[in-house]
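Hi there,

Here is the structure I promised to send over. Please open it and have a look around before you read on.

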Amino acid sequence: MSENPLQLLFQSFGKVSECIQSHLAQFVLRPGGASSSLSTNQNQILSLSSPPTAASHLQPAEILIKGKSTGPTTKEELGRATWTFLHTLAAQYPDKPTRQQKKDVKELMAILSRMYPCKECADHFKEVLRANPVEAGSHHEFSQWLCHTHNVVNRSLGKVVFPCERVDARWGKLECEQRACDLQGASMGFDDELK
């Protein structure tokens with residue numbers, strides 16, 4: 001029985017989040033362990049953009065990184081993270097996807113249009129998908145479709161569009177040992193051998 005694609009998406013986001021938090025903690029906190037009350041000097045280092053008087057009262061959960069709070073995610077941050085995930089997925093998408101991979105990527109887009117945590121964004125994405133159905137017959141087709149779709153959203157937000165001929169240069173395949181970054185289901189199944 002295959003897993004729910006949404007569950008896999010949340011698991012992947014969770015793993016990425018844990019990895020980032022772990023690396024960030026190692027980067028920001030001094031070796032020898034972190035205490036719950038940071039010195040003024042440490043807060044200055046961690047807040048980077050705040051003056052010592054503003055940083056001296058911060059607790060670790062309130063640490064500012066490059067002027068941003070570690071508070072709830074903004075709609076813009078969520079959008080950037082989602083596009084990063086989707087373009088990375090497209091970069092890893094195989095040249096000859098299985099029927100299941102084609103089905104899964106189309107289902108993922110449909111799920112995002114229903115479950116995305118910003119209702120306005122989800123509703124807009126539904127409209128975009130209706131006008132531009134998912135094309136996922138190959139790596140090139142899917143990455144180009146996603147780039148054009150991202151540009152539709154960018155235009156609606158008054159943002160600059162990305163030149164889609166450069167999508168592979170910007171979102172190239174991940175470099176992983178022993179093909180550890182290949183998409184699940186990359187091996188051909190019985191139904192794919194019949195094509």
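Below are some notes on its nonpolar cores and its disulfides.

This is a predicted model, so local features need pLDDT of at least 70 and side-chain atom pairs count only at pLDDT 80 or more, while totals for chains, interfaces and linings use all residues. Residues are numbered from 1 along each chain as its sequence is written, and side-chain values use heavy atoms, with hydrogens and water left out.

Let's start inside. A nonpolar core is a set of buried Ala, Val, Leu, Ile, Met, Phe, Trp, Tyr and Cys residues joined through side-chain atoms within 4.5 Å. Buried means under 20% relative accessible area, exposed over 50%, and partly exposed in between (1.4 Å probe, protein chains only). The largest core has 21 residues, and Met-109 is one of those with the most contacts inside it. Helices α4 (75-92), α5 (99-115), α6 (119-131) and α7 (139-156) each supply at least two of its residues; helices are DSSP runs of H or I, at least four residues, numbered from the N terminus. Another core, of 5 residues, lies apart from it and includes Cys-147, Cys-164 and Trp-171.

Now for the disulfides (pairs of cysteine sulfur atoms within 2.5 Å): the structure holds 2. One joins Cys-147 to Cys-164, S to S 2.2 Å. Cys-147 lies in helix α7 and Cys-164 in the loop between α7 and α8 (167-170), so this pair ties together parts 17 residues apart in sequence. In the other, the sulfur atoms of Cys-118 and Cys-121 are 2.4 Å apart. Cys-118 is buried, at 11% relative accessible area, whereas Cys-121 is partly exposed, at 27%.

Happy exploring!
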